[in-house]
Amino acid sequence: MQLSGAEITVQALIDEGVETVFGYPGGAVLHIYDALFKRDEIKHILVRHEQGASHAADGYARATGKVGVCLVTSGPGATNAVTGIATAYMDSIPMVVLTGQVPTPVIGSDAFQEVDTVGITRPCVKHNFLVKRVEDLALTIKKAFYIAKSGRPGPVVVDIPKDVTDPNIKIPYQYPVDVHLRSYSPAQRGHHGQIKRAVEKLLAAKRPVFYTGGGVVLGDAAEALTTLVRQLGYPITSTLMGLGAYPMTDKQFLGMLGMHGTYEANMAMHETDCLIAIGARFDDRVTGKIEHFCPHAEIIHVDVDPSSISKTVKVHVPIVGPVQSVLEDMLAVLEDLGGQPDRDALTAWWQQIDQWRGVDCLRYDRTSQVIKPQFAVETLYKVTNGDLYLTSDVGQHQMFAAQFYPFDKPRRWINSGGLGTMGFGLPAAMGVQIAHPDAPVACISGEASILMCIQEMATCKQYDLPIKVILLNNGYMGMVRQWQEFFYESRYAHSYVDALPDFVHLAESFGHVGMRVEKPDELEAAMREAFGMKDRFVFLDVVVDPTENVYPMICAGKGHHEMELPPTMSERELA
C-alpha cells in the first residue's frame, strides 16, 4: 500500500487493534483527522478539552487492560493533555498519546502553536518520540504501543510534525509484526530461587501479611493472588490502587492500608514478621514514617519494575517479574514443597487481628439528620449491589468511596492515586462507559473536583453516555478543610467553595437529568430512580455534612500504629 503519513497513522492504529480514540482536532493534526474521517474501523470520541481526552483514554485503559489512545493538536492541545499524561504515568497506565507538531522546517522558531512537547513531557512519560520522517512513522507507533503495555506500563507520547502527515507524500506501508529494543527488555519470569526463598519464608512466618497494589490489577493477577491467599489463609491488605484485586468482602481482607487505611490493616502491618508486597511501590501515603514502617518484618517484594525494588524500603527477598507469572510459580512451589503454615501461630495472629477489628475504626454517626458521606457511599453500594464501575475524583469523597464501597472484582475502581488529579472522575467515567457500554458506570465526586472538567457533560450528551454522577456536596474542598482543621487551627483559608452553580439546572442545561437530595431518608429512593434511568446521564447532587472528616488518619511523621481514630459518641457530644 502507498499511504501518506496521516494514513499511516490511522492504519497503524487499526493494525494495533485500536477501536476508540479520544481527541480534539486542531491545525497540526488536521491531516490525521481527515484520514480518520475516511475510515470507519475506529470510533473517535470528541471531548471538550484535551485534559478530558487523556483522562478518558486513561479510564478506558484501566477498565479494559488495553492501551488507551488519545489524539490532540500541537501547542496548547499538547499542554492541556499533560495533566492526564502525568496522571497515567504515576499510576502506570498504558496509553499512547499522539500529539501534532508544527512542520519540521520551523521547529524551534517559536512558530504558531509550537511547544517542545518532547521536552515538556519527558519527566512524566515512560518514553516519547519526535517523528521527523514519514518513513519512521509506522515503526515508531509500533514501538510506542510495545513500550506502553510491556513491563511496567505507562504513557508514551508520539509527537508528529504536520509535514510528516502531508497527504501528497505517499510511501509503501508495512506495519512491523514485532519490535525489539536493544536497551529495553522487561523481565518475563521471576527468579525461581528467589520465589522458593519467598515461599519458605511465608511458610515459616508467625504473623504474615500480604500487601498488594495496583500492579496486581494491571498485571491481571487477581485470580492467582486470590488462590494463593486463600490457600495459605493469611490476612491481606491493599493500597488504594489495588482495591478489588482481592475480594474486599472476604473475611481475610483487612481493608485498605495507609494514611486513611483501617486500624486492623495498619496495626497488622506494624506487627507483621513477614510482609509480602506484590505490585506495590511503598508510596509515602502507605508507609507513613519510614523509620516506623514494618519494624519487625522480613520483606518480600514482587514487582515487574526493578527500579522499584528497595527504592524506598529495603527488602530482603526481591523478585523481579510479572506478578501473574510469579504468583503462579509460587503456587507451584508451594505444592512442590508440600509444607503448611504454622496453624497455631496463624490462629493466634487472627485472634489479634479480630481484636483490632473490634475497634470499629470506620464508625460514624448513623443517627444524624444530615446526610453523612459514608452513608451516601453505603447507600450507593446497596442500590448497585456492589456491581458497578466507579470512578472518583480526589479528596474526601475518594477516601470514603475506598473505605465504604467494597469491590470484589478488579478494574472496577478507577481513580487517580499517585498524582491525585482533581477533574479526573468524569472524563475517566466516559472512557469506562465507552469500553463497557452496557455496564453501570458512576463517578463519585466533590463540588470542587467536578467543576474542573464539567464541560465533558457535553461529550456525554453527544454520545449518549448514561453515567451517573454522585456529587457529595459539602461546600468545601473537603480534604483541604480537614487538613486545615487538624494542622492550621481551623483557619479555613480559601477552602470554602463559594458561588457554586445550581447543579440540577446545570445538568439540565446540558440535556441531562438533575436531582438534588438533602435528607438521609430520601437518598436511597433517589439513587434507585437515578440508576433506573439506564439510558440517561443523571447528576445526583447529594448535600452532605460539611464537618465530617475521613478517619482513620495517619498524620505526617507518624507510623502505622499512631492513627487518629474517629470520635466516639460522647466525644461528638462534647464537641
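Which residues does Ser238 touch, not counting residues up to four places away in sequence? They are Thr212, Leu243, Phe253, Gly255, Met256 and Leu257, where contact means heavy atoms within 4.5 Å.

This is a predicted model, in which local features need pLDDT of at least 70 and side-chain atom pairs count only at pLDDT 80 or more, while totals for chains, interfaces and linings use all residues. Residues are numbered from 1 along each chain as its sequence is written, and side-chain values use heavy atoms, with hydrogens and water left out.

Ser238 is placed in strand β10; strands (E, at least two residues) and helices (H or I, at least four) are DSSP runs numbered from the N terminus. Ser238 has a relative accessible area of 2% and is therefore buried (under 20%, with a 1.4 Å probe and protein chains only). Thr212 is its bridge partner. Strand β9 (residues 208-212) and strand β10 (residues 236-238) run parallel and are joined by three bridges; two strands pair if DSSP finds at least two bridges between them.

Both strands belong to an open sheet of six, ordered β11-β10-β9-β12-β13-β14 with parallel pairing. At the edges stand β11 (253-256) and β14 (317-320), each with a single partner strand, so one side of each has no neighbour in the sheet. From one strand to the next, the twist averages 15° (axes are lines fitted to C-alpha atoms, for helices over the stretch in contact, with angles from 0 to 180 degrees between N-to-C directions). Helix α10 (residues 263-271) lies across β9, β10, β11 and β12 (274-278), at about 105° to β11.

Technical notes:
Buried < 20%, exposed > 50% of the residue type's maximum accessible area, 1.4 Å probe, protein only.
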